[in-house]
Amino acid sequence: MGRFFDIVKQIVPFWSTNNNKKRSESEQSKIKTIEYESQRVSFKFLIAAILMFTFQVFLASGASIEFIIPDLPAPIPFNSGRAFHINLSVFWPLLGIIGGVYYIIPEEVGYDTNIKIANIQFWLTIVTLLLIYGSLSLGFTTGREYLEALLPFKILIALSLIIFFINILLTLLKRKITEWHPTMIGLVVGVFFSIIMYIPSMLTYKNIAMDEFFKFWTVHIWVESTLELIIASVIASILLMMTGVERKTVERWYYVEVFLVILTGFLGVGHHYFWIGAPHWWLYIGMIFGALQIVPVFFLVYTAFKSVKRQNMKTTNDLTFKYLWATVLWNLVGAGILGFIMTWPSINQYTHGTEMVSLHGHLALFGTYGFLTLTLFYFILPQWQRTKNLSMKKGNIAFWLLNSGLALMGISLFVAGVIQSYLLRYVGIEFTKVRELLVPYMIGRTLGGLIFAGGAIIIGWDLISNLLFKKSIP
Ligand code: HEM
Ligand code: HEM
């Protein structure tokens, strides 16, 4: 219990007994520095991710107001805006994670990644994303949520992922260390299967059930399995770097975790097949393996607590730790617990297509992958001359705004989701009538969204002002 409070003290600022000035001086001396030249590649991926994040919340705040006042004049139609918002919600955390991987690989294997290949991948991805967003704003939507893009752009995204995989593989093959760290195995398997899962869903199929079936292979197997593997590796590596804890403490359960993430993620995706006309036995597979998906999430929380317990509270940068805790805890609540609730067919028959799904989508996607990107941002960017002066104070204010905004959005969507599921599916009231009744909770969601947006804008502005206006100190 004492340990639990030690950890809470790390997260809650006014609970900390440390002298702030003293702490920030010692923090400075412990800030990690770049050891491999190729780690610099991660700066641009993280910067692009944060700029896209800031842009996304601008759009989202507008969309949430449109939910309350539907006739409000908007620069783009709601469906295009939604496609934009949802695509961005996948792509910016993806860029952040790729940036994190470019940072951790050289540390883990003692060898630089190929900088040229990484730069080609970066610019290919950015140009492709600009083409995708340009075409979406011109109305070229295809109805494929999350990774909506015209086929040529999908091919370019696949190419970017293949280049990424080749770069990782080449680095591992040239590695100086003799043993394979489990974290690297999780990473390679995660990236490899992310590509494999993307390919069938690039195409569209005449049979609507087949089309939906493959649609879920991409984003949903990604977020519930292949990306979970990658982030488990990234979290394990940054825990090792930040805490100086023994490797075996972090890696003890790693193989079990990898096995469980693959097994439960690939089969648990069956909970997305409940409504698409897939054979009925998917109900049982989705239910059983979906419910088991909470086990590896608990492993991740356990590993993080265990590492902090063993490392005498030595950190490289307190803010990074806060964001890391937020990642782990929102992953537990948003992905683990809410996912667990909705994976039961007897519950899903009421919650499907309601605000409960939106609640889970926000808490799991931003809570896990968004907060992880911010963890990497505050861990890695202060190591670069140009962004050395990123304000930890602003990062701290943003941390509380993001968390409280997300919590308020979450509570509002939860209440709205429960009422909507009950009135729509149990009582049988017509959809639009129920929608009208939800307006007060949508106002709550918008307020939460605005608080959240405040946090995002503080981070975005701090980054932009460091890049554009502040002199870099040699
Ligand atoms: C960080 C990991 C996760 C992320 C980012 C995530 C994200 C999402 C998103 C965005 C949706 C909305 C899908 C749509 O609109 O088509 C969704 C739906 C769903 N997810 Fe997750 N999820 C995660 C983990 C999980 C886990 C671990 C479980 C099970 C324990 C789960 C169970 C579900 C269920 C049951 C649905 C609703 C399906 C429906 O009724 O349409 N998710 N998830
Ligand atoms: C200012 C903050 C935000 C606001 C106000 C907001 C608002 C909205 C609105 C109005 C929708 C469409 C309707 C709905 O599903 O209820 C939506 C959908 C969605 N948003 Fe956000 N959003 C915000 C931030 C984010 C972030 C940071 C992410 C992830 C990185 C995200 C991920 C999603 C996802 C996955 C969906 C689709 C959910 C589904 O239909 O199943 N949002 N959001």
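In this predicted model, helix α8 (residues 208-243) packs against helix α13 (residues 318-342), their axes coming within 12 Å and crossing at roughly 150°. The crossing of this pair is left-handed. On the α8 side, the contact is made by Glu 228, Ile 235, Ile 238, Leu 239, Met 242 and Thr 243, which meet Thr 320, Phe 321, Leu 324, Thr 327 and Asn 331 in α13. Sorted by class, these residues comprise 6 nonpolar, 4 polar and 1 charged.

Helix α8 also packs against helix α15 (residues 355-380), here at an angle of about 30° and with the axes 11 Å apart. Because of that angle, α8 runs roughly parallel to α15. The α8–α15 crossing is left-handed. Residues of α8 in this contact include Trp 222, Leu 227, Ile 231 and Met 241, while those from α15 include Leu 365, Tyr 369, Leu 372 and Phe 379. The contact as a whole has 14 nonpolar, 2 polar and 1 charged residues.

These helices can be followed to the ligand as well: α8, α13 and α15 each supply at least two residues of the shell around ligand 1. The most come from α15, which gives 7 residues. In total, 23 residues surround the ligand, the closest being Tyr 146, Gly 290, Asn 348, His 352 and His 360. The shell divides into 9 nonpolar, 12 polar and 2 charged residues.

An oxygen atom of ligand 1 lies 3.1 Å from a side-chain N or O atom of Tyr 146. A polar side-chain atom of His 352 is 2.8 Å from an oxygen atom of the ligand. For His 360, a side-chain N or O atom is 2.8 Å from a nitrogen atom of ligand 1.

Methods:
Residues numbered from 1 in each chain as written. Chains lettered and ligands numbered in written order. Predicted model: local features only at pLDDT ≥ 70, side-chain atom pairs only at ≥ 80, totals over all residues. Heavy atoms only, no water. Axes fitted to C-alpha atoms, helices over the stretch in contact; angles between N-to-C directions. Helix = DSSP H or I, 4+ residues; strand = E, 2+ residues; numbered from the N terminus. Parallel < 35°, antiparallel > 145°, perpendicular 65-115°, else oblique. Left-handed = near helix turned anticlockwise from the far one by under 90°. Contact = heavy atoms within 4.5 Å. Nonpolar A, V, L, I, M, F, W, Y, C, P; charged D, E, K, R; others polar. Near = heavy atom within 4 Å. Polar contact = N/O pair within 3.5 Å; in protein donor to acceptor, adjacent residues only side chain to side chain.
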